[in-house]
Amino acid sequence: DYVKGDINKLDYSPAMKVGLKLHRFIDDFTDHHPAIQRAKEYFRAEYRLYSGPIVDCVFDYYIANDPHCFNSEADLNKFTQSVYQTLADQKDKLPIAYLPALQHMTENNWLYNYRTIKGIKKSMIGVANQSTQMPDVELAYQAFVLNCYILNQYYIEFIADAKIAIQKQYE
């Protein structure tokens with residue numbers, strides 16, 4: 001999200017460019033998926049344009065708890081530590097504006113803590129802290145807790161389609 005411009009013209013390794021292109025592909029796919037649009041409706045009245053980032057937070061919870069993605073908490077923790085190490089190894093190539101977020105993310109083990117509803121609330125607070133316009137996240141958190149089951153159904157619909165789309169993208 002911190003990298004702007006034409007990826008092919010940026011001074012990144014081929015592997016990093018592939019990762020950036022994948023990230024952008026997933027963002028675009030997510031923004032247009034019908035299950036995401038339905039999930040946003042649970043937050044749209046109060047949060048309008050911020051309903052998308054809220055749904056991203058909510059779906060992070062489902063990904064972290066999806067046994068098709070991580071067999072156990074230990075597997076999730078191993079993955080998150082690998083991500084932090086990979087980012088630390090590439091620190092000199094990352095956008096300077098991203099470095100404080102990376103430090104905070106690593107110190108507080110955000111990726112691992114997405115597995116809890118408390119961690120998702122913190123994630124929502126983080127989104128709100130990046131904006132001067134977003135209302136307090138308490139209503140979003142309550143909507144998530146109250147609608148956890150149906151939002152999980154939207155996640156299941158979305159993730160199945162996302163996996164297929166990503167595989168097709170890289171065949």
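In this predicted model, M16 has a relative accessibility of 17% and therefore counts as buried, since the limit for that class is under 20%. The residue lies in helix α1, which spans residues 14-32. When neighbours within four places in sequence are left aside, M16 is in contact with Q90, K93 and L94. Of these residues, K93 stands 77 residues from M16 along the chain, and the C-alpha atoms of M16 and K93 are separated by 9.5 Å.

A search of the whole structure finds 4 salt bridges. One of them joins the side chains of R38 and E157, with an N to O distance of 2.3 Å. This pair links distant parts of the chain, R38 being placed in helix α2 (residues 34-40) and E157 in helix α10 (residues 148-169), 119 residues apart. Both partners are classed as partly exposed, R38 because its relative accessibility is 32% and E157 because its relative accessible area is 30%.

A salt bridge is also formed between E73 and R115, whose closest N and O atoms are 3.2 Å apart. Here too distant parts of the chain are linked, with E73 in helix α5 (residues 73-89) and R115 in the loop between α7 (110-113) and α8 (117-129), at a separation of 42 residues. E73 counts as partly exposed at 47% relative accessibility, whereas R115, with a relative accessible area of 19%, is buried.

A further salt bridge connects E41 with R44, the closest N and O atoms being 2.8 Å apart; R44 has a relative accessible area of 30% and is therefore partly exposed.

Key: Residues numbered from 1 in each chain as written. Predicted model: local features only at pLDDT ≥ 70, side-chain atom pairs only at ≥ 80, totals over all residues. Heavy atoms only, no water. Helix = DSSP H or I, 4+ residues; strand = E, 2+ residues; numbered from the N terminus. Buried < 20%, exposed > 50% of the residue type's maximum accessible area, 1.4 Å probe, protein only. Contact = heavy atoms within 4.5 Å.
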